[in-house]
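Hi everyone, thanks for coming. Let me put the sequence and structure up on the screen, and then we can walk through a few spots together.

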Amino acid sequence: MTLRNATALFALVFVAALPIHASAADLLFDPLNGSTRGAQNGGSFEGGGWKAPTQIRWDLGTYVTEGGFSVEVTNWDPSEASPQHRFDKQHIINMYEAESGSPHDSDTTTPKTGFWNVRTGAGYNGLFKFLSSTAGFVERQETRNAPPAGPIDPAQTYEIKVEWTAAGRITVFLNGQALVTHDHGRAFAFRHVFIGTDNAPGGTYGPQHAVIDKNVKVWGAAGPAQAAGPPDAGGGEAAGS
């Protein structure tokens with residue numbers, strides 16, 4: 001074997017030995033195939049993923065000021081007549097700046113903190129509402145989204161992705177298609193990931209049942225938590241709709 005061939009073979013073996021998702025920008029990858037790296041509360045591992053209810057949560061250990069999140073979902077029926085709906089407001093996918101994982105707590109702390117939610121239920125156009133904020137309910141934005149390509153098929157797998165910029169723009173995607181962008185004009189600082197449900201007050205809020213989540217990913221640039229208070233002191237409906 002020549003020196004050149006030996007060098008090439010070594011390089012090939014070295015690259016093959018590197019872990020998948022080894023990029024410096026990748027902050028979390030959890031396939032949820034039989035186990036999780038997060039803190040699990042209920043549910044079961046089946047169908048190649050984690051089946052809700054109730055919750056898995058992860059602490060990234062750093063605040064993500066620019067980046068993204070994605071998860072694959074299957075056995076998912078967000079239609080208005082779905083038997084999976086057990087609550088009026090189901091925050092099935094979420095990220096929070098604060099550890100509490102509650103939009104209500106995000107609004108009562110000083111300073112107010114940021115979050116985003118994917119909310120399903122019988123009244124959300126057969127898909128979901130997307131909510132986002134950098135400061136509690138004060139400047140929260142929320143948009144109802146309908147399926148862009150016809151009703152959701154529970155037998156199919158869908159990717160839900162959220163990406164945000166350092167300038168405060170956040171976009172939610174379904175299978176790569178952008179559904180809506182919210183422009184907040186100030187930076188986010190997300191650290192805590194919740195799937196299944198978050199920690200919003202029980203009763204009205206809770207998990208959508210039987211949804212299977214796979215391949216949770218978070219990537220992006222780390223930065224400090226927001227130190228400034230909210231941009232103003234008015235507005236914002238506590239519960240949303």
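Let's start with Asn 75, which sits in the loop between S5 and strand S6 (90-96). Strands here are DSSP runs of E, at least two residues long, and helices are runs of H or I of at least four residues, both numbered from the N terminus. Before I go on, this is a predicted model, where local features need pLDDT of at least 70 and side-chain atom pairs count only at pLDDT 80 or more, while totals for chains, interfaces and linings use all residues. Residues are numbered from 1 along each chain as its sequence is written, and side-chain values use heavy atoms, with hydrogens and water left out.

Back to our asparagine. Asn 75 is not a glycine, yet its phi is positive, near 50°. Asn 75 is partly exposed, at a relative accessible area of 28%; buried would be under 20%, exposed over 50%, and partly exposed is in between, using a 1.4 Å probe and protein chains only.

Where is Asn 215? Asn 215 is in strand S14. Asn 215 also has a positive phi, about 55°, without being a glycine, and with 21% relative accessibility it counts as partly exposed.

Its neighbour in the numbering is worth a look too. Lys 214 lies in strand S14, which covers residues 212-223. Lys 214 is buried but has no salt bridge, and the nearest side chain of opposite charge, Glu 72, is 5.9 Å away. A salt bridge here needs a side-chain nitrogen of Lys or Arg within 4 Å of a carboxyl oxygen of Asp or Glu. For charge, Lys and Arg are positive, Asp and Glu negative, and His and the chain ends are not counted. A polar atom of the Lys 214 side chain does lie 3.2 Å from the backbone oxygen of Gly 47. Among the residues that Lys 214 touches are Pro 31, Gly 47 and Val 71, a contact being heavy atoms within 4.5 Å.

Now the cis peptide bonds. One joins Pro 53 and Thr 54, with omega about 20°, and Thr 54 is in the loop between strand S4 (49-51) and strand S5 (55-74). Another runs from Thr 110 to Pro 111, with omega near 0°.

Last, confidence: pLDDT is the predictor's confidence in each residue, from 0 to 100. The mean for the protein is 87, and 83% of its residues reach 70 or more. Over residues 1-24, though, pLDDT is below 50, and over residues 227-239 it stays under 50.

Definitions and conventions. A polar contact is a pair of N or O atoms within 3.5 Å; within protein, one must be able to donate a hydrogen and the other to accept it, and residues adjacent in sequence count only if both atoms are side-chain atoms. Lists of a residue's contacts leave out its neighbours within four places in sequence.
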